[in-house]
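Student: I am new to this structure and would like to learn how its features are read. Could you take me through them one at a time?

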Amino acid sequence: MPIIEAKNLSKVFGKNKKQALKLLDKGLTKEEILKETGSTVGVNRASFSVEAGEIFVIMGLSGSGKSTLVRLLNRLIEPTEGNIFIDGEDLSKMDKNSLRQIRREKLSMVFQQFALFPHRTILKNAEYGLEIQNAPKEEREERAKKALELVGLGDYIHQKPSQLSGGMQQRVGLARALANDPKVLLMDEAFSALDPLIRKEMQDELIDLQSTMKKTIIFITHDLDEALRLGDRIALMKDGVIVQIGTPEEILVNPANDYVEKFVEDVDISKILTAQHIMKRPETVNIEKHGPRVALERMREEGISSILVIDSKRNLKGYVTAEDASEARKNEIKDLTEIVRTDIPKVNRDTAMQDIFNIIYDSTTPVAVMKDEKLEGIIVRGAVIAALASDSEVNLNAE
Amino acid sequence: MLNNALDFIPEIPLSDAAKGVTDFITDKFSFLFNPIKEHFGNFMEFMSEDVLMNIPPVIFIIAVAILAFFISGKKFGLAVFSIVGLWLIYNQGHWDNLMNTVTLVLLASILSVIIGVPIGILMSKSKAANAILTPVLDFMQTMPAFVYLIPAVAFFGIGMVPGVFASLIFATPPTVRFTNLGIRQVSRDLVEAADAFGSTGAQKLFKVELPMAKATIMAGINQTVMLALSMVVIASMIGAPGLGREVLSSLQRAQVGPGFVAGIGIVILAIIIDRITQNMNKKKD
């Protein structure tokens, strides 16, 4: 069951809400409805569901309705129409008290401009969510401290927010949201106010945190690079409508329409593609079964000058060169262990292509692509260049 | 024809109406006004004559100086001014008058704050309250302060109590306005954050909005205290004792000297109170 689900969520700002919704049904655009009714459509029939542990990114340019959409999810803005289900409960029909309870226990929010309380210390800020639930003082201090340590601010607990840099302030914002131990984190352009270096650092940290915490995160951003880095899935918004939902690769490779295509055409492909997308099936010999003769034969067949050596469990042992193999054959050596070389560079299947550039540039051999110590493929120089030149030859459906 | 174009109806009996309302209130609420007049009057008399006037002036002056010293961030300026200023008032034989004035100003200010802050909060939360009360506040502030003396006398007779009542009406609006403004000015982000974490209305108010609005509210309270002080001369017209009465009687007898001396006393008191309340504000920033 999805942990959070939006069904036909709409928000119309202005007076003639009913009329505007009717016109939406007729398929009129946002501008036409504004002209006709004087009402602004913020979000138009947004539907999606987010599974537990997922990072779901909602992306769009400013004015696309993404910040409104995230506020509909915890009803900071009341939906005009539609439903929000959290753990199967319909949030949109709840009374004030139940809604407050959900906000306290299940949904926490991180804000673009941090929204820290300037009159409270860092610790008191992180405690806020627990304080209003009347948690005992010791417990809330302990949990707040733990959250602050998690984001690396354990030493700053008695400072005031204004004494901290932007990046640190947003860590406090994150700690404040985490201290409640919510199921879902709503992050509204959480890193957009930070400078690029700090932003990247925070993104990495969020990914690290996520790998241990397994929260469900709904992340709003206008930055495609950020969306692609963080998102397990991405929803693209335009004029209040979700135009496409998919994994980063799906969105890059199969843009749903011109708008998405325009959005993604400037993306640096080398940041998106990983080793698994450009690797080839490796030619191998088995160290336990084969000798130099077989190795030489395979190399001749494939027209290559070296071949990878594995054992029966596909553990990579190294590689042998054609030169070494023919030398060994002359000397009547039967076993590959004597001539196997181990200085082969390895990368993980998730390594980004931009990080592979340097490795492959320095290497005389192809690069081995590993998954949990097992050999999965190889990357030759030509494949990297081909991938950059045109994405059509890249196997993006690799899994 | 044009000469009587505006005489389409006879004069509206506005003044009779005002009198009628006042008489009505005096009559119907005397059960309320009389005990207030009596008990509150006794209390004020007790405050000024039995408490403040029994404190030896030298102790009072030192206490004010110490308060001034610490509240201005351990600077000597205001403390020294307080010592010299208050001594001068003592030296001129106006100590008892000063104590009466202090009582009047303090009580009027405290009541203004007690009444004004909640009304300000109400206005910040309710559009309807805001729409109704804003013109009322305008009326209270622009109506010449002397006019309040008339119903004040009708309700409470003469003396300190009607003085406080008139001061209250005149001095409360800034506290109300600044409280309203201060809460409305709290950043939307912070209010949103408080809501997003599931605060109740009261939690939001006391943990976020009021602390954030404190500086603005304090500025309003400072204004209120100053207005209350400015009422002391006017209130003396209905028998409120203190420095104001000295100014008034000097005016009536055209005595420049005593008028100046009592006036200086008010100025000194005003400066001390103003600087102290302003510094209370700054210290918290």
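Student: What does UniProt place at residues 278-336 of chain A?

Tutor: The unreviewed UniProt entry places the feature "domain: CBS" at residues 278-336 of chain A; UniProt positions are given here in the numbering used for this structure, feature names are shortened, and annotations may be inferred rather than shown by experiment. That span is 36% helix and 24% strand, and its end C-alpha atoms lie 29 Å apart. Helices (H or I, at least four residues) and strands (E, at least two) are DSSP runs, numbered from the N terminus.

Before we go on, this is a predicted model, in which local features need pLDDT of at least 70, side-chain atom pairs count only at pLDDT 80 or more, and totals for chains, interfaces and linings use all residues. Residues are numbered from 1 along each chain as its sequence is written, while chains are lettered from A and ligands numbered from 1 in the order in which they are written.

Student: Which residues of chain B does a UniProt domain annotation cover?

Tutor: In an unreviewed entry, the UniProt annotation "domain: ABC transmembrane type-1" covers residues 98-277 of chain B. Over those residues the chain is 88% helix and 0% strand, with end C-alpha atoms 18 Å apart.

Student: How do α8(B) and α10(B) cross?

Tutor: Axes are lines fitted to C-alpha atoms, for helices over the stretch in contact, and angles run from 0 to 180 degrees between N-to-C directions. The axes of α8 (residues 160-184) and α10 (residues 201-235) of chain B come within 7 Å and cross at roughly 160°, so α8(B) is roughly antiparallel to α10(B). Angles under 35 degrees count as roughly parallel, over 145 as roughly antiparallel, 65 to 115 as roughly perpendicular and the rest as oblique. The crossing of α8(B) and α10(B) is right-handed; a crossing is left-handed if the near helix is turned anticlockwise from the far one by less than a right angle, and right-handed if clockwise.

Student: Is α6(B) roughly antiparallel or oblique to α8(B)?

Tutor: The axes of α6 (residues 127-142) of chain B and α8(B) come within 8 Å and cross at roughly 140°, which means that α6(B) is oblique to α8(B). This crossing of α6(B) and α8(B) is left-handed. Leu137(B), Met140(B) and Gln141(B) of α6(B) make the contact with Ile169(B), Pro173(B), Val176(B) and Arg177(B) of α8(B), where two residues are in contact if their C-beta atoms, placed from the backbone, lie within 7 Å.

Student: How many residues of chain A are in contact with chain B?

Tutor: Here 15 residues of chain A are in contact with 14 residues of chain B. On the side of chain A that touches chain B, α4(A) gives the most, with four residues.

Student: Why does Arg45(A) count as partly exposed?

Tutor: A residue is buried if 20 or more other C-beta atoms lie within 10 Å of its own, exposed if 12 or fewer, and partly exposed in between, with C-beta atoms placed from the backbone. Arg45(A) counts as partly exposed because it has 18 C-beta neighbours inside 10 Å. Arg45(A) is in strand β2 (residues 40-50) of chain A.

Student: What is the phi of Arg45(A)?

Tutor: Most residues other than glycine have a negative phi. The phi of Arg45(A), however, is a positive value near 50°. Ala254(B), which is not a glycine either, has a positive phi of about 55°, and Ala254(B) lies in the loop between α11 (243-253) and α12 (256-284) of chain B.
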